[in-house]
Each structure stands twice: as structure tokens, then as C-alpha cells.
Amino acid sequence: MSKRRLLLLGAPGAGKGTQAIRLVEKYGIPQISTGDMLRTAVAAGTKLGRKAKGLMERGELVSDDVVIGVAAERLAAKDARSGFVLDGFPRTAAQAAALADILLELGSGLDLCLGLTVDEDAVVARLLKRAEIEGRADDNEDTIRERLRVYREQTAPLIDYYRKRGLLTEIDGMGAVEEVERRIEEALGG
Ligand code: AMP
């Protein structure tokens with residue numbers, strides 16, 4: 001059976017979003033990015049957005065409860081039934097446990113976690129460049145350092161969590177976008 005319930009795990013700036021978009025195009029599965037959903041909420045000025053705005057600007061995490069609710073609702077949508085690529089969720093142990101519960105409830109489970117590995121200096125350089133191009137409010141150097149610290153402390157342990165469950169494939173995230181894409185394709189069995 002082909003793997004279509006996917007999770008991209010990696011530091012901010014590792015290329016999760018870029019690779020997620022390619023998987024969307026290739027397999028016709030939706031990208032589920034809690035970061036994108038939160039940015040939409042902030043732009044729309046919803047209650048969720050007002051809750052998330054300051055935390056996002058400082059590079060801190062939005063609370064597990066809030067993010068889990070957002071992800072659960074999105075995963076239950078019809079277009080996510082036969083596959084999806086999660087990007088930026090889960091980010092904490094509590095979120096990973098909640099994800100397993102959500103998928104169990106939906107009668108499915110994760111097929112594969114793709115762990116994108118990159119070195120930190122490269123990531124900082126990428127994010128600073130993205131700041132120039134996209135003008136994201138959380139792409140200034142202080143916030144970038146904070147997001148990387150939060151990643152190391154709260155999210156990096158999920159690499160082991162998925163390894164222990166036999167779901168992890170590590171992907172070298174350095175190099176050209178197409179190269180990384182090819183490595184992912186290989187991991188998915190072509
Ligand atoms: P991203 O676009 O995935 O880098 O997310 C941007 C920001 O949104 C993060 O720095 C957090 O403030 C918030 N965010 C996105 N996803 C999550 C999550 N799963 N848990 C907590 N906060 C999140």
C-alpha cells in the first residue's frame with residue numbers, strides 16, 4: 001500500500017513547507033499546516049488569531065489545546081480521508097499523542113514521518129532570506145533564534161518518538177529543493 005498519510009518533521013526553515021507543496025502536487029493530498037491556518041486566523045482577526053498573534057510574533061508556541069483543536073478539525077475534513085501531509089504539527093509530545101488519538105478515532109494512522117535534517121546555520125540563513133522575500137513577522141533574527149530553541153527543546157524529541165514507533169525516515173534536507181524532493185520520493189517508494 002502506498003504511503004499517503006505523511007508528517008514532515010524538522011526545524012523551522014528546514015524546507016517542510018516547500019516539500020509539502022510538492023507532495024500536494026504529486027499525490028493530490030492536502031497540506032495541513034497549523035502555521036498557515038494560524039496566520040490566516042491572525043490576518044482575519046478572529047478570536048483564534050487574537051490568541052495566537054503575540055505568541056507567533058515572539059516565536060513561542062501556541063497552546064497545545066488550541067492547536068490540537070485546529071488540527072483535529074482539519075484532519076476530519078473529507079479531503080484528508082485518504083491522505084495528507086502534516087507540516088508544523090505536531091510540535092510537542094502532547095500534540096503527538098493527540099494526533100495518534102485523532103487518527104485512531106478517524107480509523108487511520110500515520111504511514112510515515114519524514115524527518116528533514118539540516119544544520120542550524122543554514123536554517124538561520126534560509127529564514128533571514130525568507131524574511132526579505134515574504135516579510136513574515138516572525139522571520140527576524142531574535143525570533144528565529146527563539147523558534148530554533150523551542151524546536152530543540154520541544155519538537156526535536158519527537159524524532160525519537162516516531163523512530164521508536166518505526167515510523168521515522170530521516171531525509172537529508174540540505175542541497176537543492178529538487179534533490180531533497182528526490183530523496184523524499186525514494187523514501188516513499190517512488
Ligand atoms: P510555522 O509556519 O509552522 O513555522 O508556524 C509559525 C508559528 O505558528 C510558530 O512559531 C508557532 O508560534 C505557531 N504554530 C504553528 N504550528 C504550531 C503548533 N503545532 N504548535 C504550537 N504553535 C504552532
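Helix H2 (residues 34-44) contributes the most to the shell around the ligand, giving four residues; helices here are DSSP runs of H or I with at least four residues, strands are runs of E with at least two, and both are numbered from the N terminus. The model is a predicted one, in which local features need pLDDT of at least 70 and side-chain atom pairs count only at pLDDT 80 or more, while totals for chains, interfaces and linings use all residues. Residues are numbered from 1 along each chain as its sequence is written, and side-chain values use heavy atoms, with hydrogens and water left out.

Among the 16 residues around the ligand, those that come nearest are Thr34, Arg39, Glu60, Gly88 and Gln95 (a residue is near a molecule if one of its heavy atoms lies within 4 Å of it). Gln95 instead places a polar side-chain atom 2.9 Å from a nitrogen atom of the ligand. The protein covers 96% of the 470 Å² of accessible area that the ligand has on its own (Shrake-Rupley method, 1.4 Å probe).

A salt bridge, meaning a side-chain nitrogen of Lys or Arg within 4 Å of a carboxyl oxygen of Asp or Glu, occurs 19 times in the structure. One of them joins Glu181 to Arg22, with the closest N and O atoms 2.7 Å apart. Because Glu181 belongs to helix H9 (residues 177-187) and Arg22 to helix H1 (residues 16-27), this pair ties together parts that are 159 residues apart in sequence.

Finally, there is a backbone detail to look for. Most peptide bonds are trans, but the one from Phe89 to Pro90 is cis, with omega near 0°. Pro90 lies in the loop between strand E3 (84-87) and helix H5 (93-105).

Key:
A polar contact is a pair of N or O atoms within 3.5 Å; within protein, one must be able to donate a hydrogen and the other to accept it, and residues adjacent in sequence count only if both atoms are side-chain atoms.
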